[in-house]
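Biologist: Please take a close look at one part of this model, the places where its pieces meet. I would like a single connected account.

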Amino acid sequence: MPVAERSEGSAGAHRGCYVYGVVPHDVEPVPGATGVGDPAGQVQVVRHGEIAALVSEINVTRPLGRPEDLRAHQQLLDGAAAAVPVLPFRFGAVVTNAQAVAEELLAPQHEEFVAALEQLHGRAEYVIKGRYIEQTVLGEILAESPQAARLRESLRQIGNPDASRTQCIQLGELINQAVSAKRVADTRTLGEVLAGHVVASRVREPTHEMDAAYVAVLAELAHQEELENAVSRLTPDWQGRITVRLLGPMAPYDFALTRALEN
Amino acid sequence: MTVATQQPAGGAQPSPTGLADVIDTILDKGLVIDAYVRVSLVGIEIVTIDARIVIASVDTYLRFAEAVNRLDIFQDKAGLTDLAGS
């Protein structure tokens with residue numbers, strides 16, 4: 001539901017200030033950097049004390065969420081995170097104007113944000129995503145679960161999948177349980193491999209039924225190569241059954257430890 | 001489902017993030033503005049695709065069952081032992 005701020009009754013009535021994140025006060029945006037919205041606003045810095053917010057002007061009467069908008073948000077914050085500590089906001093943070101950013105966001109939370117930025121100094125988030133190779137993992141499950149193998153066999157004999165929906169669901173549920181158990185085990189393996197190379201880690205909820213592991217880590221930017229090597233050490237065990245990707249460096253979305261996430 | 005359009009990474013070098021990765025992160029994680037700003041908060045309509053699959057649903061189960069059925073062809077071709085033991 002769009003709720004435009006109309007009280008001013010001026011040309012600025014449909015304008016808002018989109019907030020990307022909080023950074024140290026001496027950060028300058030890349031000249032010409034553009035943000036979310038159509039047309040995209042210029043990225044600007046609103047400073048208060050030792051901190052600053054990366055913002056851009058936006059028309060609040062238009063819905064937000066085109067792929068370009070999502071990418072603009074992500075690229076600005078991840079680009080910043082590779083160089084400076086940054087507290088990223090969730091997509092879609094809009095306040096009335098730059099003055100409100102300084103007075104209502106930065107000023108009251110100054111100490112809290114300064115402390116959080118200090119914790120993030122020299123660090124960034126990386127995400128490790130493992131995805132099962134379906135044929136391999138289904139083969140493993142059939143070999144390990146006599147019950148699933150029996151059900152599949154009986155379904156093959158019926159021949160008509162429409163006539164056996166209940167059994168299909170039963171088999172699928174068994175497979176799903178087995179995949180979930182494998183996910184727990186493989187996520188644990190990933191955690192063991194990463195231990196000692198990361199400052200903190202968070203297991204994310206799976207977003208795909210074939211997710212093998214989905215973990216966000218906070219790591220030292222200077223130690224990225226160690227992290228890459230650690231993930232590579234999974235290759236002998238995971239080759240052929242899990243494809244693994246390492247994403248980052250990115251803004252510490254999972255580790256911006258302030259009041260907002262504690263609530 | 002939205003699929004990330006990216007090339008497989010060589011080795012464990014960080015790979016470019018696809019749109020699905022972006023959605024998982026920036027719509028779900030990060031600081032929430034409402035926790036800090038109340039008076040000057042502006043609501044804005046967010047219209048976006050949700051790339052996530054609801055796992056552990058009947059749809060998931062049916063997809064898995066179908067995938068297991070398809071697996072026969074794969075295994076026969078590969079000359080693997082019949083895992084059903086029949």
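Predicted model: local features only at pLDDT ≥ 70, side-chain atom pairs only at ≥ 80, totals over all residues.

Modeller: Chain A falls into two domains, domain 1 spanning 15-121 and domain 2 spanning 124-250.

The C-alpha centres of domain 1 of chain A and domain 2 of chain A are 35 Å apart. Where these domains touch, domain 1 of chain A gives 5 residues to the contact and domain 2 of chain A gives 6 residues. Together, domain 1 of chain A and domain 2 of chain A bury about 390 Å², and 63% of that area is on carbon and sulfur atoms. On the side of domain 1 of chain A, three residues, D78(A), A81(A) and A82(A), supply 70% of the area buried against domain 2 of chain A, more than any other three residues. As for specific pairings, the count across the interface of domain 1 of chain A and domain 2 of chain A is 0 salt bridges.

Now the interface between the chains. Here 76 residues of chain A are in contact with 60 residues of chain B. The area buried between chain A and chain B is about 6,400 Å², with 62% of it on carbon and sulfur atoms. Within the part that chain A buries against chain B, R90(A), E104(A) and E209(A) supply 11%, more than any other three residues.

One salt bridge joins the side chains of D254(A) and K29(B), at 3.8 Å from N to O. Polar contacts between chain A and chain B number 21 residue pairs, both residues being at pLDDT 80 or more. Helix 6 of chain A, residues 165-194, provides the largest share of the side of chain A that touches chain B, with 10 residues. Sorted by class, that side of chain A has 39 nonpolar, 17 polar and 20 charged residues.

To set the two interfaces side by side: about 390 Å² is buried between domain 1 of chain A and domain 2 of chain A, and about 6,400 Å² between chain A and chain B.

How values were computed:
Residues numbered from 1 in each chain as written. Chains lettered and ligands numbered in written order. Heavy atoms only, no water. Contact = heavy atoms within 4.5 Å. Buried area = accessible area lost by both parts, 1.4 Å probe. Salt bridge = Lys/Arg side-chain N within 4 Å of Asp/Glu carboxyl O. Polar contact = N/O pair within 3.5 Å; in protein donor to acceptor, adjacent residues only side chain to side chain. Helix = DSSP H or I, 4+ residues; strand = E, 2+ residues; numbered from the N terminus. Nonpolar A, V, L, I, M, F, W, Y, C, P; charged D, E, K, R; others polar. Domains from an automatic or database assignment.
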